[in-house]
Amino acid sequence: MIHVKARKSPYPGSQVQRFPVPDSYVSWSVAWPEYEPVDYTADSIQACPVWADPDYRKEGQSEHGPQFNALDGKIDRRSFLGCYELDEDKLPLNPMGRTGITSRGLLGKWGPNHAADPIVTRWKRKAGKKVIHKRSGKPILQFVTIKRKDNGEWAIPGGMVDDGELVSATLKREFGEEALDSLAASTSEKNRLRKLFQSIFSKENSKEVFTGYVDDPRNTDNAWVETVAVNFHDETGDSVGQLDLHSGDDAGHVQWSDIDQSLQLYATHCRFLKSVTELRDAHW
């Protein structure tokens, strides 16, 4: 896979233009002395929030830099792709190649920034029966999708793994924060819904569909997103499938959407959904 969205300009949340990288020069194995990437770290990251790394290139901090390719205290700096190389400044090199931007952009960690994406699904039903797609002859899956506040794109309600946090905990937390908290519902109703969806977030209902590098528009030469995408499926529709989500909610931006190859989603989320349809023998 050659990353595409990780080379697009402008960089998210800015007017920064990446140094153009043709497909033939993405790989680090291809010599390119003319390569002059833009050095960019967003102001929000330079402000050093507690979840972000400091800029270890600053004077006096290089000796206390991260332990890359290792479990560095509570921070997992290992990549799902194996050991990554370091550049001459002892900073990680994106294992998928050049992006046209160095430093961290909007990402907090040097190297891999680990995320988790919960894909919550149910069968599309009419009068209690599964809806079959005319073209494929297979039942249609629906998944919970949110509209991202930063760019307006529809996406799976995932997020970053906190330092020392289990991925399973991140999956539950992100679905609660990004999906349920978006609903225009009372506190008591949200608490009821949380109890409802907790029943589906179990090992018995979970199937891992992807682990690895994400072609994310926030990626840089020195920082990138990796994720674990897990499908939580409500086969009968009597738990999470009962959630009445629709785009018309006052708080907006959370709904059940049919899974289909025509979907336009953030980063490589469509790739994850295709894997889910293969797993469930559903329409794509």
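**Figure 1. Helix α4 in the predicted model.** Helix α4 runs through residues 269-280, 12 residues in total. From first C-alpha to last, α4 reaches 17 Å. That is close to the 16 Å expected at 1.5 Å a residue. Asp-281 follows α4 and has a positive phi, near 55°.

Figure 2. Six names matter here: His-269, Cys-270, Phe-272, Leu-273, Val-276 and Thr-277 are buried in α4. An α-helix has 3.6 residues a turn, so residues three or four places apart point the same way. The cover over the buried residues of α4 includes strands β5 (111-123), β8 (141-147) and β9 (154-155). It also includes β11 (206-213) and β12 (223-234).

**Figure 3. The largest nonpolar core.** This core holds 25 residues. Ile-119, Phe-143, Phe-272 and Leu-273 touch the most other members. β5, β8, β11, β12 and α4 each give two or more residues to the core. The most come from α4, with 4 residues. In soluble globular proteins, nonpolar side chains tend to be buried together.

**Figure 4. A second, separate core.** This core has 18 residues. Among them are Ile-146, Val-240, Leu-243 and Trp-256.

Note on methods:
Residues numbered from 1 in each chain as written. Predicted model: local features only at pLDDT ≥ 70, side-chain atom pairs only at ≥ 80, totals over all residues. Heavy atoms only, no water. Expected span 1.5 Å × (residues − 1). Buried < 20%, exposed > 50% of the residue type's maximum accessible area, 1.4 Å probe, protein only. Contact = heavy atoms within 4.5 Å. Core = buried A, V, L, I, M, F, W, Y, C linked by side-chain atoms within 4.5 Å.
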